[in-house]
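Trainee: I would like to learn how to read aromatic pairs in a model. Please take me through a case.

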Amino acid sequence: MNENNKNVSSGETKSIAGNMAWSVMERITSQILSTVVSIILARLLFPEDYASVALVTVFVNLAGVVVSSSYSAALIYDKEQSIERYSTAFYSVLILTGGMYLILYILAPAISAYYNDKSVVKIMRVMSFLFILQGVYSILFAYVSKNMLFKKTYKATFFGAITGAAVAIILALNGQGIWALVFQPIIETTISTIILWRSIHLRLVLKFDVKYAKFMTKYCVKFVLVDLLNSLYSSINSLIIAKKYSKADLAYYTKAYNLPQMLVGSVNTAISKVLFPVFSESQDNIEIIKLKLRRGIQLSCYALMPLMIGLMMIADGAVVMLFTDKWVGMIPYLQIMCMVWVFQPVQICAIQAYKAIGKGADYFRLEIYKKVLSILLLIAMLLIAKNPIIVAWSVLVSQIISYAINMPYLKKMFNYSFWEQVQDLLVPLLLCAVMGICVFIVGKLIGNIYLRIAVQILTGATTYVVASFVSKNSSFTFILDLLKQYKNDKAEISEN
């Protein structure tokens with residue numbers, strides 16, 4: 001590697017880490033509040049109460065994927081910026097989301113009849129407003145991402161999360177638990193959008209560039225199809241459980257999927273928001289993208305894997321402590337889902353790299369291979385076993401298959417060798433294995449559930465840090481250097 005690339009790598013790495021920090025802080029703040037509300041609602045409601053909202057969420061999320069993967073991604077990819085282009089994207093999103101809302105509004109009675117749940121109609125017609133709000137927010141966030149203004153999102157997300165949480169808790173305490181689940185994300189997104197818009201001072205104009213709208217559509221269509229395919233595959237699992245098994249099984253599966261997602265999924269989303277614009281800046285230099293890709297994978301795996309392995313080891317006690325005994329049925333689902341999310345950081349980073357170099361067609365074909373194999377696997381496993389837990393196992397096996405399929409493509413497109421890929425995944429996994437063994441042993445020695453979980457968390461964190469220090473892990477060393485630099489910079493500012 002030449003000296004220029006070293007300098008670029010060092011500077012860009014700090015840019016990635018710094019913006020990741022703000023983006024992660026934003027998501028963590030939001031998710032802490034969402035988690036608190038989720039725990040309160042879970043203690044007030046029964047698993048069956050979640051089923052109707054979980055079912056509607058499947059369809060709303062499918063529509064939301066189209067929004068989150070569409071015009072905002074094209075704006076970030078585009079090297080040029082103008083108010084006319086942001087305005088065109090904004091009006092395009094309103095047209096798109098308005099059309100999707102109308103479709104779901106019309107389909108709501110049919111979906112309700114198919115699943116024999118009358119409450120689905122009202123819930124779907126209210127909850128579908130969410131992806132219209134998400135569409136507006138996506139354009140504002142494209143501006144934030146393009147200009148690396150991730151600090152601006154923190155205030156917006158914080159007040160949005162606070163307001164959404166407050167409304168949800170008030171509704172729950174007044175016996176409106178199901179509607180608390182519906183209105184929390186709607187209120188949160190509305191407040192966040194208003195505050196962010198005022199913060200970045202983006203002034204739109206009454207202009208619509210048809211040519212640019214066609215460019216955005218052409219750019220994003222492959223990525224929309226891929227993300228829709230991924231979401232559709234994830235949704236199939238919930239839809240199968242909703243139709244074939246009990247409402248309680250759907251609630252256990254959904255809750256088990258969402259709990260680790262609160263820890264990892266939101267941080268992954270934050271990381272992807274940072275990595276895509278960072279990768280896009282170097283879209284013509286594959287060597288630099290590879291350096292950024294490796295660093296992104298190393299940091300995200302190092303930070304997120306111990307959360308998943310730790311949660312898996314304390315799942316039995318954590319579920320009872322947080323959600324009470326009525327949710328014990330979700331424990332095996334949760335343990336499997338924690339392993340599913342272990343592989344997610346690699347997938348997220350790879351996706352952003354593909355987007356940055358505009359390889360939509362290749363990415364689309366790759367995802368089709370994965371999902372066809374995954375669906376065939378799911379069908380085969382359902383034929384072999386009738387227990388709904390088999391759906392969760394099929395998701396884990398599919399995730400491992402997806403990781404294996406990704407490897408030759410990453411090598412081909414970014415010269416990211418097989419050994420480098422295995423090394424970047426295996427190193428944090430070995431650290432997590434040491435941590436997991438210690439947490440398991442401690443769990444067998446303590447009877448009181450509250451004391452046991454507290455000691456397990458403390459043991460896990462201490463073991464992971466000590467193992468990182470002893471092994472001189474590069475991500476651990478990098479984070480320490482970053483903290484020292486931050487401390488020095490803060491001291492210099494204070495002196496001046």
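**Reading the rings**

Mentor: Phe90, Tyr91 and Trp197 form one aromatic cluster. The model is predicted, so local features need pLDDT of at least 70 and side-chain atom pairs pLDDT 80 or more, while totals for chains, interfaces and linings use all residues. Residues are numbered from 1 along each chain as its sequence is written, and side-chain values use heavy atoms, with hydrogens and water left out.

Trainee: How is a pair of aromatic rings described?

Mentor: A pair is described by the distance of the centres and the angle of the planes. Rings of Phe, Tyr and Trp (its six-membered ring) pair if their centres lie within 6.5 Å; planes under 30 degrees apart are stacked, over 60 edge-to-face, and the rest tilted. The whole structure has 16 aromatic pairs. In one of them, the ring centres of Tyr86 and Tyr143 are 5.5 Å apart and the planes are at 70°, so this pair is edge-to-face.

Trainee: Which parts does the pair of Tyr86 and Tyr143 tie together?

Mentor: Tyr86 lies in helix H4 (residues 83–114) and Tyr143 in helix H6 (residues 129–146), so the pair ties together parts 57 residues apart in sequence. Helices are DSSP runs of H or I, at least four residues, numbered from the N terminus.

Trainee: Is Phe90 buried or exposed?

Mentor: Buried means under 20% relative accessible area, exposed over 50%, partly exposed in between (1.4 Å probe, protein chains only). Phe90 has 12% relative accessibility, so Phe90 counts as buried, whereas Trp197, at 26%, counts as partly exposed.

Definitions and conventions:
Helix = DSSP H or I, 4+ residues; strand = E, 2+ residues; numbered from the N terminus.
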